[in-house]
Amino acid sequence: MTYGDGIEKTVPELKSRTEDPENGDYLKLRGGSDEEEGSSGGCWIGSPTSVWFWVKLISLVACVGVLAFVIIKWIAPFLIEKELIPFIKWVRSTFSIPVLGLLLFASVALFPTILLPSSPSMWMAGLTFGYGKGFLLILSAASIGVTLPFLIGHLFLHKMQEWLKQYPKKAAILRAAGEGTWFHQFQAVTLIRVSPFPYMIYNYCALATGVHYGPYILGSLVGMVPEIFVSIYTGIMLRTLAVASDVRHSLSAVEIVVNVLGFCVTASATIVCTIYAKKKLSAMQSEEAETS
């Protein structure tokens, strides 16, 4: 467009977009090109450079901190005094440390095979043995816990394959783990373990996806490391609170702050790892769909 002073100015083109009638009929006017719109919109929700992203992240951490403070200060001592301390005293009076370690090892190794959660046993391992011995006990037992269902899956291989065919969308992410190179399978199995996918079901379905045992067992153990550390930390924190309650000694302000910060860091790290794993798995699933 040319004005009287001879200067040419370009008026941004107004483009209209009619949305799908199923989602509502309306007309949207916008100026500029598609590239400009793509670069200016959509970053305020989840982009790390957005102010709202940091506001939401800080709010989440603050809420987790307040919740941890309430639990550590009031709720946990009550439950520990009524339930945990009597249970710990019963366990220590009934079983010796070697026998208790053997029972915890057996439960972590066998419970996933019969679809029972092994988290309480991991907590108890952290409470009894701490980080070093507890980590070795849980990791070695977990290697058996993910191997047995993988081997048993041979007996139900045909049924598992038929089940995966009935739910193609849900099984797509599992099938992606059985494709590609050894490292690709290892990476996919690791992400599945970190993500909130029910790992006890995957133990039996893994063989039907074509994944090899090497990347399966290594990816499973690496992917379970965050869960193991969270479980051990939970057990150690329960032991700290149990000792404080048993000797009628309330936690000092420094001890409360340290426990709250530890809880926040552990919870935040778990959430970040889970979100990252979900995004990576979605990307792998999309790549698999485009390839097929």
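Trainee: How many helices and strands does the chain have, and in what order do the elements run from the N terminus?

Mentor: This is a predicted model, and in it the chain has 10 helices and 2 strands. Read from the N terminus on, the order of the elements is β-β-α-α-α-α-α-α-α-α-α-α.

Trainee: Which side chain makes a polar contact with the side chain of Arg193?

Mentor: Arg193 lies in helix α7, which spans residues 182-194, and Arg193 is buried yet has no salt bridge. The nearest side chain of opposite charge, Glu227, is 7.6 Å away, whereas a salt bridge requires the charged atoms to be within 4 Å. Leaving aside neighbours within four places in sequence, the residues in contact with Arg193 include Val146, Tyr199, Tyr216 and Met224. The side chain that joins that of Arg193 in a polar contact, at 2.7 Å, is Asn203.

Trainee: Which helix supplies the largest share of the nonpolar patch?

Mentor: The patch lies on the surface and consists of Trp54, Leu57, Ile58, Leu60, Val61, Ile271 and Ile275, with about 610 Å² of accessible area together. Both α2 (51-94) and α10 (253-291) supply at least two of its residues. The largest share, 5 residues, comes from α2.

Trainee: Is Ile58 buried or exposed?

Mentor: Ile58 lies in helix α2 and is one of the residues of the nonpolar patch. Because its relative accessibility is 59% and the cut-off is over 50%, Ile58 counts as exposed.

Note on methods
Residues numbered from 1 in each chain as written. Predicted model: local features only at pLDDT ≥ 70, side-chain atom pairs only at ≥ 80, totals over all residues. Heavy atoms only, no water. Helix = DSSP H or I, 4+ residues; strand = E, 2+ residues; numbered from the N terminus. Buried < 20%, exposed > 50% of the residue type's maximum accessible area, 1.4 Å probe, protein only. Lys, Arg positive; Asp, Glu negative; His and termini not counted. Polar contact = N/O pair within 3.5 Å; in protein donor to acceptor, adjacent residues only side chain to side chain. Contact = heavy atoms within 4.5 Å. Patch = residues over 30% accessible without salt bridge, like charges linked within 9 Å, V, L, I, M, F, W, Y side chains within 5 Å. Areas by Shrake-Rupley, 256 points an atom, 1.4 Å probe, with all protein chains shown as cover.
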